[in-house]
Amino acid sequence: MISGLHHYALEVPDLAVAEGFLQDFGLETGEKDGSLVAQCPGRDQEQVRLVQAPAKRLHHICFTVRPGALDSVRGSLERAATAIIEPPPGATESGLWIRDPDGTAVQLLEMEPAPARPAAQVLVNVGGSRQRIGVAQWQQATQDVMPRRLGHSLLFTAQPQQMTDFYTQVLGLRVSDRIRGLVTFLNAGPGDHHIFGFISSSHPGFHHASFEVPSIDAIALGADRMHARGRPAGWGLGRHTIGSNFFHYNPDPWGSWIEWFSDIDQIDDRWVARDWDVPPHLWGTPPPDTFLANREPAG
Ligand SMILES: [Fe+2]
């Protein structure tokens, strides 16, 4: 039923600080329906909404549902005794609003996701491929480095099994893979290995959101840009184990994380989920100690 991740929304204590951070990350900011939103250059879909509040915390998460599927979503919610709620203050009224088992507000929009900004093919001379002849890559690599689309978000939860049951049995996501006892990755069918997931913690919270950029160069150039603008160091460059994407994370001003990714595994309907005992990175430095800190207020 859920076909993709549409946007996420955070409550933040200072909208100007949030706006500057997201601009440095590579998003365009603006006003929509009276609130601050951030979009990927060249994509007509808000990816982040920001709501002014005393402390930073997750405000809501929004998914797309295939056109025509909202009735079956309503039926599924009814069978699960999940109530339709009023939109939380600061959100739009579109679509259907519910709360997940952690109490997080979830918006379901019946629409096709907007297409991501087109990206040129990245020609490589790696492995057995010799695709780039007579072209100086260093002159190409800086051409298109900004985020193209929001890919996934991971939330903290104290009840990963209940959350997984809700999002799979009621809303139609599927488990992609798990890091045993720590992380559950979920997919929305053929496409990205994961669009959503959970990290085990003492209480709910927002861990990170991740945006696709056109190349591994774009990830490293983005990290350089954040460094040049005085942003604190993050984690990366590396290649993940589960999902296999190249990554670099930066901490946001409130102790959550934002990620650029490239080259994530694409799955099909035959994908079989497994449990793994692996670190999150295949190579690169290990994550900083603060990486799994859940700084959102409990309760
Ligand atoms: Fe990620």
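**Group meeting: an iron site and the sheet around it**

Strands here, at least two residues of E, and helices, at least four residues of H or I, are DSSP runs numbered from the N terminus. This is a predicted model, where local features need pLDDT of at least 70 and side-chain atom pairs count only at pLDDT 80 or more, while totals for chains, interfaces and linings use all residues. Residues are numbered from 1 along each chain as its sequence is written, and side-chain values use heavy atoms, with hydrogens and water left out.

Strand 8 and strand 13 pair in the antiparallel sense, over seven bridges; two strands count as paired if DSSP finds at least two bridges between them. Helix 4, residues 160-170, packs on the sheet and touches strand 8, strand 9 (174-179), strand 10 (183-187) and strand 12 (196-200). Contact here means heavy atoms within 4.5 Å. The direction of helix 4 makes about 170° with that of strand 12. Such angles run from 0 to 180 degrees between N-to-C directions, with axes as lines fitted to C-alpha atoms, for helices over the stretch in contact.

The sheet itself is open and has ten strands in the order 18-9-10-12-8-13-16-15-14-19, with mixed pairing. Strand 18 (275-276) and strand 19 (281-283) are at the edges with a single partner strand each, so one side of each has no neighbour in the sheet.

Now the metal. Which residues coordinate the iron ion? They are H152 (NE2), H208 (NE2) and E259 (OE), at 2.1 to 2.2 Å. Since H152 lies in strand 8 (residues 149-157) and H208 in strand 13 (residues 205-212), the pair ties together parts that are 56 residues apart in sequence. Donors are N, O and S atoms within 2.8 Å of the metal (3.2 Å for Na, K and Ca); water is not among the atoms, so sites may look incomplete.

Are the two histidines, H152 and H208, buried or exposed? H152 is buried, with a relative accessible area of 1%, and H208 is buried at 3%. Buried means under 20% relative accessible area, exposed over 50%, and partly exposed in between, with a 1.4 Å probe and protein chains only.

Last, some backbone details. The peptide bond from G236 to L237 is cis, with omega near 0°, and L237 is in strand 14 (residues 235-240). A81 is not a glycine, yet has a positive phi of about 55°. A81 is exposed, at 70% relative accessible area.
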